[in-house]
2 protein chains.
Amino acid sequence: MNVLMGVGKAGLKSEGKPDVLVVLLPQICNASFLFTSNHFKAGSVIYSQQVFEKSRTVRAFVVNSGNANCGVGKEGIMHAEQMAKRVAQHLDIEEGQVLVFSTGIIGKPLPIDNLLKAIDDACSLLEPLDLKRASEVISTTDRFPKYDFVKMGSLEVYGFAKGAGMIHPNMSTMLAFLFTNAQIDSYTLSYLHRQVAERTFNSISVDGCTSTNDSFGIISLGVIKEDLEKVREAIYEVSLSLAKKMVEDGEGATKIIKVVVKNASLELKAKTIAEKIATSNLVKTAIFGRDPNWGRILASAGSTAFPIDQFRLKLYIGNHLVYDGKAHPKANEKAKAYMEENREVEIVLDLMEGKESWTYYTCDLSYDYVRINAEYSS
Amino acid sequence: MNVLMGVGKAGLKSEGKPDVLVVLLPQICNASFLFTSNHFKAGSVIYSQQVFEKSRTVRAFVVNSGNANCGVGKEGIMHAEQMAKRVAQHLDIEEGQVLVFSTGIIGKPLPIDNLLKAIDDACSLLEPLDLKRASEVISTTDRFPKYDFVKMGSLEVYGFAKGAGMIHPNMSTMLAFLFTNAQIDSYTLSYLHRQVAERTFNSISVDGCTSTNDSFGIISLGVIKEDLEKVREAIYEVSLSLAKKMVEDGEGATKIIKVVVKNASLELKAKTIAEKIATSNLVKTAIFGRDPNWGRILASAGSTAFPIDQFRLKLYIGNHLVYDGKAHPKANEKAKAYMEENREVEIVLDLMEGKESWTYYTCDLSYDYVRINAEYSS
C-alpha cells in the first residue's frame, strides 16, 4: 500500500535542483481537490480541474516547480496535457487519472521537451514517498520544507506542501497534498475538505494576494474504515500545521500573527473582521515594529461592512487588555514586552455580542518583504 | 461674501505649530458631507454626522489636527460638542450649524481646556480664507500643503485638504473641504458629491486601509446660478487634483500609479478590478522595483469575483502592450525603461468586452513605507 514518488530535473530552477515530482498511488483513489479561485489560472490548473471533475478520482500526479505554466496562452493547457500523457504512458495507467500541477514564474512557456525528459527520469526510478524530499522538490522560494504526519490509532494522515509568498485565502502560490489511509467516498471527502480548508488554508495570508496556481488535494488510500469525525480532526491538524508553516515562511516574516475574533453574532462576521485585521498593512508593519498599536487594529476591524460596537468590545494583545472603550497605557507596555519576547503574537478581539469565532494567521510586513518582491524580476 | 478663517494653538503638534482652524461662512450654506464608513469612528465624526444630518446646512466648522479624538469612549463625542458650542458662542451663531473635525493620533483624550482656549484665539482674529495656510494648519504628517482652485467664467470652486496617503499610522487620514460660489440645493449637491467622490477620493489608495476620521465636504456659497454639469466638472477637477496630491504624498511613495481598467461589461467590474490591482502589495512592490511584472497585475485582476478572459484581454504599461494572451519580451524591456523614466506609471487593462471604464490612483510600496509605519510608536 505504498505511495511512490519519482524525481527529475528539467532545468527550471537556477540552481539545477530537482524540479519535477511524480507521485504514483497504489490504485485509483477517491480524492478531493480545491483549485485557485483566480480567473487568471495556470494552464495546469485549467487542465487538472477539467480532468478531475470527470471522475473525482486520481491514480498519479506530476508537479513541476520553477515555472507556473501561466500566462502563456492556450499552449499552457496543451503542455499540461502532454505531461499527463507522458506520465500515463510510462506508468501504464489511464491518462484521465493523472493530474498536473505547476508553480513558479508566470509568463514563460514551459520548456516542454526538457519537462517530458524529466518525467521519463522520474517515472523510471520510483521509491516510497518521502514527505520532506517531496516538499523540497516542489518548493520555489520556500526557506524550509513543509510536511507533517498525524497518527491516531490506526488512522494516518500525512501531507507535504510548498508556499511562501502570494499566500491568501482561496489559496495562493501554494500546493498541498494530503493522504489518508482512511476509506472515504469522494462526496464525503469533498465535504470534509471544504470545511477544513475554510479554517486552515483559507484562513492564512502573507500578502493578501491570491495566486494563479493554488491547489490543495486530499487523497483517500482506502485501507481502513474510520470514524469520520476523527478523520476530519486528523485532516484538520495536518492542514493547519502545513498552513501555519507557510505563514512562518512568509516572505520577510519575523513574527507569526494569530488573529482571533470571538463572540461575534455571525461566523461570517468573525471571519471577515479577522481577515481584515490580518491583511492590514498598518497592523502588519506595527507588529514588525513591535508596537501594540490597538488603534490600527480597531480601525481595521471597523472597516468591514459589519458594524462593531466600539464602546462594548474588548481587545487583547496576548493576555493584555489594551482596549475596552478606552486605552490602558500600562497594559500597552506589557503588550509591547510580550510582542518583543514571542515569535507568535496573538490578537484577540472579543465583540461581546454572540458565540461565533474565527482564527486567522498572518505574518508581519518587513523591509525584507519589500526587498524580496521589489528585487524579484519577472 | 468672504469665507473667513481663524487659527489657534492647542499644543497638539510636537513642534508647537498651529493645530486649530475655525472656518466661518458668510451665511448658513447648503452643503454635503461624506464621513468615513469605518465603524470605529472618531467622536468628532459621530457628533458632526448627527448634527449635519438634521439640517444639511452649515455656518462654520472647526478642525483640530494632531489628535483624532478617537478610541477615547463617549467622552470624545462630548468633547466635540463642547468645541462646537464654544465656536457658536464666540461667533454668535447656532450651535447646530457648527461641525467639528479631528485628525491625528488615536486613543489619547483631547486636552479639552487647551482646545477651547485655542478656539477662543482662533475666533477672535478672523481673516479671509487662505487655502495654503488652512491646509498647513490641518496637516499632520503631510510633506506639502494640498489646495487647488478652478475658475470657469464666473464659476469658482476651491478647496483645501490634508492626507499623507489614505492613512498614516494613527494619523488618521484625509480631510477635504471644497467651496463653490454656485447656488445649489443640498439634495442636488449631495448627489453631485457622491458621484464625484466615487471617481476621486474613493478611487485612491495608499495602503488599502480605511480610517476613523475621514471627512469630505462641499459647501455652496450661493452667489451665482450656474449650469450643473459645469459645476460638477469643476468640483471633479478640484477633487481629483486634491486626491492625486494625497497619493503623491503617500508614505514612502516613489511613484504614482494610475490604473485604468477599460472596456469592461460593467462599471462595478471595472472599478473592482482597478481597485484590486491598485491595492496589491505584489504589484506595488514590483513598481517600486521598476519591474513591469504583468503576471502580478493579471493575477490581481483575476482574483475578484468577476471573471476575466485571459485569452482575450490586453495589458499595457504606458503605451507598451506587454500581454495579449502571451508575453512580449521586447515590449517588456521598453516598459521597464518607461517605468524608470516616469514619475507617474500608467497601467491599462483592456478587457475587450464592453464600454465601461474606471481609473484608480495609488503609489508604490517601498522600504520607507515599512520604516515609517514600523517606527511610528502608538
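A residue counts as buried under 20% relative accessible area, exposed over 50% and partly exposed in between (1.4 Å probe, protein chains only). By that definition Asp364(A), with a relative accessible area of 2%, is buried. The model is predicted: local features need pLDDT of at least 70, side-chain atom pairs count only at pLDDT 80 or more, and totals for chains, interfaces and linings use all residues. Residues are numbered from 1 along each chain as its sequence is written, chains are lettered from A in the order in which they are written, and side-chain values use heavy atoms, with hydrogens and water left out.

**Interface of chains A and B**

- Contact, meaning heavy atoms within 4.5 Å, involves 61 residues of chain B and 59 residues of chain A.
- The two chains bury about 4,500 Å² between them, 60% of it on carbon and sulfur atoms; buried area is the accessible area (1.4 Å probe) lost when two parts are put together, summed over both.
- In chain B, the residues that lose the most area to chain A are His39(B), Phe40(B) and Tyr367(B), together 15% of what that side buries.
- Between the chains there are zero salt bridges, a salt bridge being a side-chain nitrogen of Lys or Arg within 4 Å of a carboxyl oxygen of Asp or Glu.
- On the side of chain B that touches chain A, the elements giving two or more residues are α8 (281–288), α9 (294–301) and α11 (367–375), where helices are DSSP runs (H or I, at least four residues) and strands are runs of E (at least two), numbered from the N terminus.
- The largest share of that side, seven residues, comes from α11(B).

**Helix α9 of chain A**

- Eight of the eight residues of α9 (residues 294–301) of chain A are buried, so the helix is largely enclosed by the rest of the structure.
- Among them are Trp294(A), Arg296(A) and Leu298(A).

**Salt bridges within chains**

- The structure holds 33 salt bridges over all chains.
- Arg290(A) pairs with Asp364(A), the closest N and O atoms being 3.7 Å apart.
- Arg290(A) lies in the loop between α8 and α9 of chain A and Asp364(A) in the loop between β15 (356–363) and α11 of chain A, so the pair ties together parts 74 residues apart in sequence.
- Glu198(B) forms a salt bridge with Lys271(B), with the closest N and O atoms 2.6 Å apart.
- Glu198(B) belongs to helix α5 (residues 186–199) and Lys271(B) to helix α7 (residues 267–278) of chain B, so this pair ties together parts 73 residues apart in sequence.
- Glu198(B) is partly exposed at 29% relative accessible area, whereas Lys271(B) is buried at 14%.
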